[in-house]
Amino acid sequence: MESIVIVREAQDMEFVAIVIVLALIQYTAFGLLVGRARGKYNCPAPASSGDPVFERYYRVHANTGEQLLVFLPAILIYGYYGNPLIAALAGLLYIVGRLVYLQGYVKDPAKRSLGFMIGFFPMIFLLLAGAVAALRSLLA
């Protein structure tokens, strides 16, 4: 019976892997938006400042990279030691949050908070729940 559970958990990690790939595709797409904004707003590389709209795209991409440094290990740790399906769902919420963040920030930087929170809370959940689940596994 235990081997069946182990196989099921390994299959459920596929959902985590898919969410990670989606998050990385999103980050890449945000980078492409920065490249497009460079041309549209006349901010040739290596400039990271110039037109305010270009700077917003640039900051969204940079901030998303900063968030990924926490999100990626957190989703893997909780997915492995905790519940991979819940990890994947939290990861999807993170991705939606980053998209809302992009839309809000580019429109008006003061409107970025909702998207930030939608993505930040699942990331913190994954981080803390992953720590608890790993500790439980260690102590079991």
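**Figure 1. The largest cavity of the predicted model.** About 40 Å³ of space lies in the largest cavity of this predicted model. The structure holds one cavity of 30 Å³ or more. Which residues line the largest cavity? The lining is made up of Leu33, Arg36, Ala37, Lys40, Tyr41 and Tyr57. Helix H1 (residues 2-40) gives the largest share of this lining, namely four residues. By type, the lining residues divide into four nonpolar and two charged, with no polar residue.

**Figure 2. Arg36, a residue of the cavity lining.** Arg36 is one of the residues that line the largest cavity, and its place is in helix H1. Is Arg36 buried or exposed? Arg36 counts as exposed, because its relative accessibility is 54% and the exposed class begins over 50%.

Figure 3. With a relative accessibility of 7%, Val34 counts as buried, since buried means under 20%. Which residues does Val34 touch, leaving aside its neighbours within four places in sequence? Val34 is in contact with Phe54, Tyr57, Tyr58 and His61. Among these partners, Tyr57 is also part of the lining of the largest cavity. His61 is 27 residues away from Val34 along the chain, yet the C-alpha atoms of the two residues are separated by 7.4 Å.

**Figure 4. The loop between H1 and H2.** Two residues of this loop are shown, Asn42 and Pro46. Asn42 has a phi angle near 55°, which is a positive value in a residue other than glycine. Asn42 is exposed, with a relative accessible area of 65%.

**Figure 5. The salt bridge between Arg59 and Glu66.** A search of the whole structure finds one salt bridge. In a salt bridge, the side chains of Arg59 and Glu66 meet at 3.9 Å, N to O. This pair qualifies because the nitrogen must lie within 4 Å of the carboxyl oxygen. How accessible are the two partners? Arg59 is partly exposed, with a relative accessible area of 33%. Glu66 likewise counts as partly exposed, at 42% relative accessibility. Both values fall in the partly exposed class because that class lies between the buried limit of 20% and the exposed limit of 50%.

**Figure 6. Asn63 in helix H2.** Asn63 is found in helix H2. Its relative accessibility is 11%, and Asn63 therefore counts as buried. Which residues does Asn63 touch, not counting those up to four places away in sequence? The partners of Asn63 are Arg98 and Tyr101.

**Figure 7. Helix H4 and its buried residues.** Helix H4 covers residues 113-139, which is 27 residues. At 1.5 Å a residue, H4 should span 39 Å, and because its end C-alpha atoms are 38 Å apart, the two values agree. Which residues of H4 are buried? The buried residues are Gly115, Gly119, Pro122, Met123, Leu126, Ala129, Gly130 and Ala133. These buried residues of H4 pack against helix H2 (52-81) and helix H3 (84-107).

**Figure 8. The whole protein, for orientation.** The protein has four helices and zero strands. Read along the sequence, the pattern is α-α-α-α. The C-alpha trace spans about 60 × 25 × 20 Å along its principal axes. What share of the 140 residues is buried? Buried residues make up 34% of the 140 residues. Contacts between residues at least 6 apart in sequence were also examined, and 69% of them join residues at least 24 apart.

Technical notes
Residues numbered from 1 in each chain as written. Predicted model: local features only at pLDDT ≥ 70, side-chain atom pairs only at ≥ 80, totals over all residues. Heavy atoms only, no water. Expected span 1.5 Å × (residues − 1). Buried < 20%, exposed > 50% of the residue type's maximum accessible area, 1.4 Å probe, protein only. Contact = heavy atoms within 4.5 Å. 1 Å grid on protein atoms, 1.4 Å probe; cavity = no way out; pocket = protein on both sides within 12 Å on 5 of 7 lines; lining within 4 Å. Points joined across faces, edges and corners; volume = space filled by probe spheres on them. Nonpolar A, V, L, I, M, F, W, Y, C, P; charged D, E, K, R; others polar.
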